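Please look over the sequence and the model first, then read the points below.

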Amino acid sequence: MLIAHLTDLHVRPFGRATNRVVETNLMVERAVRQVAGFAPAAVVITGDLTENGLPEEYAELRRLLEGRLACPVYVVPGNHDRRASLRSALGAWPGVRTDSAFVHYAADIGPLRLIMLDSVVPGAGHGELCSERLAFLERALDAAQDRPVLIGLHHPPFMTGIAAMDAIPLRAPEALLALIARHGRVLAVLCGHHHRVIMAQHGGAMLLAGAAIGGHQSELTFDPAARPYFYLEPGGYFLLRWDGSALTANLATIGDFAGPFPFAVDADYPGRTMA
Ligand SMILES: [Fe+2]
Ligand SMILES: [Fe+2]
């Protein structure tokens, strides 16, 4: 079973670029086409669905996604979204209106339980999970019982060493991490926000921050004085594969690359089986 994890779409009104140079809408269109070809059981999108949370951006997001995927699409907001606009535009999408205060909910993808969390602090770039949201997570984990769990939220629960990203982190991630470790069946925590693929682990769970779909990836620098810059590195998404006992995460990039070239090995290849 495949699950596609996309993040940081930063959709703009039709015909407009993000950050002057990033054609996010075009890249979302390409990504959705690719993803549809894999026929996943679900698509999970972990926030920054739009650049500014404008109604016309959500309308464009609907145009780019609706009717193009033969599976449920599960979303949560990021710091570039606005809860009220998201809720009114995407109210028919699964889970979005489950709770009146936050866009958080649980859903089943085959044998897996997906728990989507809302880490947004309105008016701020950083994220947090208040006591109300942590209580929801605790209830949802208890309800999952023995089912393996995937958690989705925008802000990753780890620091990266990239100053620009660590300035707007998930604050006080300890409570989330403690619940993950206590439950023991959380396979992965799917996040975005950092605009880079970064992987960590905690309590048996993979902690995954995905690439931005649009291709504006944060500069990889560990200079504590670095200002926030991005490069147009390839955009991408994770294809998660569940084989019944293990989860693997494959990074799929979006773009035009030369190939496919056959793995036709030379006669001198040392791994060739001796007849
Ligand atoms: Fe983002
Ligand atoms: Fe973000």
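Helices (H or I, at least four residues) and strands (E, at least two) are taken as DSSP runs and numbered from the N terminus. The model is predicted: local features need pLDDT of at least 70, side-chain atom pairs count only at pLDDT 80 or more, and totals for chains, interfaces and linings use all residues. Residues are numbered from 1 along each chain as its sequence is written, and side-chain values use heavy atoms, with hydrogens and water left out.

**Annotated domain**
- The UniProt record, an unreviewed entry, gives residues 1–196 the annotation "domain: Calcineurin-like phosphoesterase".
- UniProt positions follow the numbering used here, feature names are shortened, and annotations may be inferred rather than shown by experiment.

**Strand β6 and its neighbours**
- Strand β5 (residues 112–116) runs parallel to β6, and 4 bridges join them; two strands pair if DSSP finds at least two bridges between them.
- In this pairing, Arg113 stands opposite Val149 of β6.
- Strand β7 (residues 186–191) is also parallel to β6 and is joined to it by 4 bridges.
- Here Val149 stands opposite Val186 of β7.
- Together, β5, α4 and β6 make a right-handed β-α-β unit; right-handed means that, with the strands pointing away from the viewer, the path from the first strand over the helix to the second runs clockwise.
- In a regular strand the side chains alternate between the two faces of the sheet.
- Both faces of β6 are covered, with Val149 and Ile151 buried on one side and Leu150 and Gly152 buried on the other.
- Buried means under 20% relative accessible area, exposed over 50%, and partly exposed in between (1.4 Å probe, protein chains only).

**Positive phi values in loops**
- Asn19, in the loop between β1 (2–6) and α1 (24–38), has a positive phi near 50° although it is not glycine.
- Asn19 is partly exposed, at a relative accessible area of 32%.
- Gln145 lies in the loop between α4 (131–144) and β6 (149–152), and its phi, near 50°, is likewise positive in a residue other than glycine.
- Gln145 counts as exposed, with 60% relative accessibility.

**A cis peptide bond**
- The bond from Gly259 to Pro260 is cis, with omega near 5°.
- Pro260 belongs to the segment after β13 (247–254).

Conventions
Chains are lettered from A and ligands numbered from 1 in the order in which they are written.
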